[in-house]
Amino acid sequence: MLDYITSYLSSNTTPGQAGNVFWALVYIMIVFGGISVAVMAMNWLERKALAHFQIRLGPMRVGPHGLLQPIADAIKLMTKEDIVPAEADKFVFWIAPLIILCASFAVYIVVPFGPTHAITDLNIGILFMLGVSSLSVLGVVMAGWASNSHYPLIGALRSSAQMVSYEVAMGLAVVSAIVMTSLHGLGPYGVGVGTSGTGTLSMIGIVQAQQEQHVWFLFKFFPLGFIAFGIFAIAMVAETNRAPFDLPEAESELTAGFHTEYSGLRWSLFMLGEYAAMIAVSSIAVTLWLGGWYRPFPNTLTGDTWDLVFSLFPGLTFLALAAIAFVGVRRMPKHPYFRVQTIGLAGFGAVLGLIGLILFVPPVRDRIQDIYWFIAKVAGFMYLYIWYRATFPRYRFDQLMKVGWKVLLPIGIGVLILTAILGVVL
Amino acid sequence: MTDRTMFDLKPTDPKPADDKYLSHLELGEPDKTFLDTNELVINMGPQHPATHGVLRVILKLDGEKVLGTECVIGYLHRGVEKIAENRTYTMFNPYVDRMDYVAAVSNGLGYCEAVEKLLNIEAPPRAKYIRVILTELNRLASHQLWLGTHALDIGAMTPLFYTFRDREEILKIFEKYCGARLTTHAFRIGGCQYETYEGFERDVIKFLDFVPPKIDEYEELLTTNRIWLERTKNVGVISRADAIALGVTGPVLRASGVKWDLRKAQPYAAYSDFDFEIPIGANGDTYDRYTVRMEEMRQSLRIIRQAVEKIPEGPIMAKVPKVMKPPVGEIYHSIEAPKGELGYFIVSDGSTQPYRVRIRPPSFVNLQALDIMVRGALVADVIAVIGTLDIVLGEVDR
Amino acid sequence: MEQTIQPGMQPVATTFFFYLLSGLVLLSGVFVITRKNPVHSALALIFGLLAQAGLYLMLYAPFVAGVQIILYAGGIMVLFLFVIMLVNLERSQREEQFNKQWVIGLVAAVALGVLFVVVYVKGKALFPYRIAQPLENSNTQQIGVMLYGQYMFAFEIASLLLLVAIIGAVVMAKKRI
Amino acid sequence: MAPIGTLHYLVVAAALFILGLIGVLTRRNVVIILMSIELILNAVNLNLVAFSRLWGLHGQVFAIFVITDAAAEAAVGLGILIAFFRNKETVNVDEVDLLKW
């Protein structure tokens, strides 16, 4: 048994591929726990960042700088009364949030945080991701229908139309990236069929293809890769129902859209699903166009020195966060009332600093590299989501459809055709 | 979900007698639609985040398309006009502040001037100038609040906080001047009760220098934003003729291209002394109303600056009898409130209390235009149009 | 073929998952045809189709499984919407759900079932317990090569079929074109 | 328990096919009949994929074609359904008793 556990450590594949159930379960727990924590952190960060965009302070009361706010919210939501409308279809009403949650969490099975840091590497990776993430629309429609109320129904119908339409543009953008994987420098995933020129759908394979072609697909066939990425970046915002495409839950029109009738824990499941889906689609974008887990310039800035420099980033990031926390401690009012908060913030900073120091230890440093760069890239997208939300007004429904079908779709087809032509010609 | 609810109405069905609201709806034969399924009748409000208070709009929808609307008002009715009949002229003055609570100063100005006209007295010039300054500041505050909520309705969250930040400066001046921020009760019949405080001019000038960059900031966020343009251009269009026919006033009328502003047309207070433009729009759509109001903010600043520079010295209160007993008669006096023409029709029977007060609130009249503006538009446009009409339910319901 | 590359995913607890998934498939099939509320039928259908995607994965056909998920998510979505739009639930709850020939239908179906069983029992030799293990790692690539090689013509015909279906659906559904 | 072979899958497919058949023959609601047809097509797919384990990938390719076909069929079927619903306000098959309207 112990052998079974330790034998995986020396392998260089994902636990799913190695067929190691124990490590696969461990990875699943780590990833799902990590995502849950990330959603909570995102919750706090969004409220703080949005507040600062809007010259407010955001949560300040629960814990130093509101750090404990997500936990307080979670407790509040869990203890809140769970109202089921009398005329609702109880079973469908009950199961809808679960479907959304499952759909958005199942996607992480194939997200590659590193060459071996994924639960598994499916041969149909990206197809699986798109398919499973699109299942969440079912939950939305079911929630809207089961509430047996007008606003949720309109929200659900809007949402389904929106998600189905933007999936098309999204799919085209993804296909143009997949076409790029097939072009040259075939890795282990490209060969083996006897015919060269087949690409890969595997998430790990896509990242490796970028490594072998020495370019992020964002910059490949400039500006084609860039346009495809742009289409995806727009479509993914629409796909996750975030501003400026947040029509299904357009607050000012439909009160809260499909989850108007939900409350308490079930409502929090919707939120959990939404944020998890945001992180998931950002992971797709990072994997397909931004070189996945690779650090910037893995091919030009080579050598031990550069490796060392880049491997210091994770630790430095945490030290910087710790420094910010300590600046916050300095700026805390010197008043007995704030003593607990000051100590708490100092402790938090100390923990961050400690993590930062641990990340400098060479074995940890080398193992954490991939994950760090992946998460850093995803975090950039998360910031963009908040930025959009603070900046843009909301589209109207017909305009949204117009953008999806009349702008993104033709451009997507054009980019796909041009990519294929360039791939053959070059 | 195609179940019949009490609001579902098919065009061929006999109208249910018990539904007194829908029976007014004269929608005619709706267009035959894609599926010819039942129309959806939904109830927007009175507890809805975007109806600016307690407006209830019954929407008859074909999918997302609006076939007709019916406004149901009165949820905030406090009987202001009836109260007036049991109060003396002075006692009624604070009540008018509670109508358009975001532009309380304008309400007070209109009422005071109306009663002054009835009593045949005139406020001294200094009082008139103070009135102009405060009213224009109030117009600015009202427009800022409108902009924030309107943008929020359309989905842009951020301008709300910017406008509230800057509106705060105005409210501070009000607070310093008369002690209240919202329901100011700033003016009295015959002038002003309070002399300006020490440093009033300085505060106002400081504000005048402070706010133009802020207005540019709002415009930066919205005016050229593509989504904002798409959401507001050609939305809620009301033609010049329709606007005049419906009695729409204020920025809504001016955006349709009618150069009608009571400050120029029949100058009251000290407005004839100042030099300012009346911005007008061309298409009468939501975007024009937006630009008109933005420009009005700048013009207000211009007026305030002139007023502060030219403010005369002198008394602030005319000679007013202790017990006001206006001669028998009636008077109609209207001013250009931020939202449009605010008129007071007062009938006096010679006693200390008015025999009848009728108020013509701009929001109430402008709200009539909602149906014309949103027919055939989408649900989201209803929100945008309610926002752009800049209604205050306290004033609609009185 | 390429045994040198990677061993491929080894399924675990095959028997358990087979019975679980096929049980789900059949149970949801029963729900689809017996539920009074069509929304519940559609819901059951989704679960059945997803479980079937699981069965495809067990049969080393990941690409078909992926296509199943991605297409049916959208397809059933549409069914859902149609149910919501077209079916008056209150009325349909009161209505008779089965038509008058249900006895005949049942008999015919059971007869067919018996036929299947007979064929399977008699023709056991046709279906050996052999498990040829196609390379799961490059399944997608192989299918791609086949689709664009050997089955090129069929592929083009299929795309034409879809085009015809789109036009046909629009022509029939839209009143004024 | 015997190892899971092709026959097991075939039995599941047969059962699914029969369920679909019963649905098509006995239900009145067109939407549910369409769903039953989906069940039948899926039974066929399961057969094809199961066989592809024995005789190469052709079965899987064919399964993909069947899925395409199912999509086309659903689109046209629902189109007819809408045209029908518009005239009769019902989706029950046994009320389709006119050849023209």
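# Close-up views of a predicted four-chain model

View 1. Helices here are DSSP runs of H or I with at least four residues, strands are runs of E with at least two, and both are numbered from the N terminus. Among the buried residues of α7(A) are A:V137, A:L138, A:M142 and A:W145. The helix is followed by A:N148, whose phi is positive, near 55°. Residues are numbered from 1 along each chain as its sequence is written, while chains are lettered from A and ligands numbered from 1 in the order in which they are written. Because the model is predicted, local features need pLDDT of at least 70 and side-chain atom pairs count only at pLDDT 80 or more, whereas totals for chains, interfaces and linings use all residues.

View 2. Chain B has 15 helices and eight strands, and 51% of its 398 residues count as buried. The assignment, which is automatic or taken from a database, gives domain 1 as 1-75 and domain 2 as 80-365 + 379-397. Where the two domains of chain B touch, 16 residues of domain 1 are in contact with 10 residues of domain 2, a contact being two residues whose C-beta atoms, placed from the backbone, lie within 7 Å. On the domain 1 side, β2 (56-62) and β3 (65-72) of chain B each give two or more residues, and the largest share, three residues, comes from β2(B). That side divides into 10 nonpolar, five polar and one charged, with Ala, Val, Leu, Ile, Met, Phe, Trp, Tyr, Cys and Pro counted as nonpolar, Asp, Glu, Lys and Arg as charged, and the others, Gly among them, as polar.

**View 3. Three strands of chain B form an open sheet.** The strands follow the order β1-β2-β3 with antiparallel pairing, and two strands pair if DSSP finds at least two bridges between them. In chain B, β1 (40-44) and β3 stand at the edges with a single partner strand each, so one side of each is left without a neighbour in the sheet. Neighbouring strands are turned by 20° against each other on average, direction ignored. The antiparallel pairing of β1(B) with β2(B) runs over five bridges, and B:V41 stands opposite B:K60 in β2(B). Helix α14 of chain B (residues 379-389) lies across β1, β2 and β3, running at about 150° to β2(B); such angles run from 0 to 180 degrees between N-to-C directions, with axes fitted to C-alpha atoms, for helices over the stretch in contact.

**View 4. Chain C touches chain D.** This contact takes 69 residues from chain C and 60 residues from chain D. On the side of chain C, α3(C) gives the most, with 11 residues, and the classes are 51 nonpolar, 16 polar and two charged residues. Chain C averages a pLDDT of 76, and 68% of the residues score at least 70, pLDDT being the predictor's confidence in each residue, from 0 to 100. Over residues 1-9 of chain C, pLDDT stays under 50. Where pLDDT is low, the predicted coordinates should not be read in detail.

Note on methods. Buried ≥ 20, exposed ≤ 12 C-beta atoms within 10 Å, placed from the backbone.
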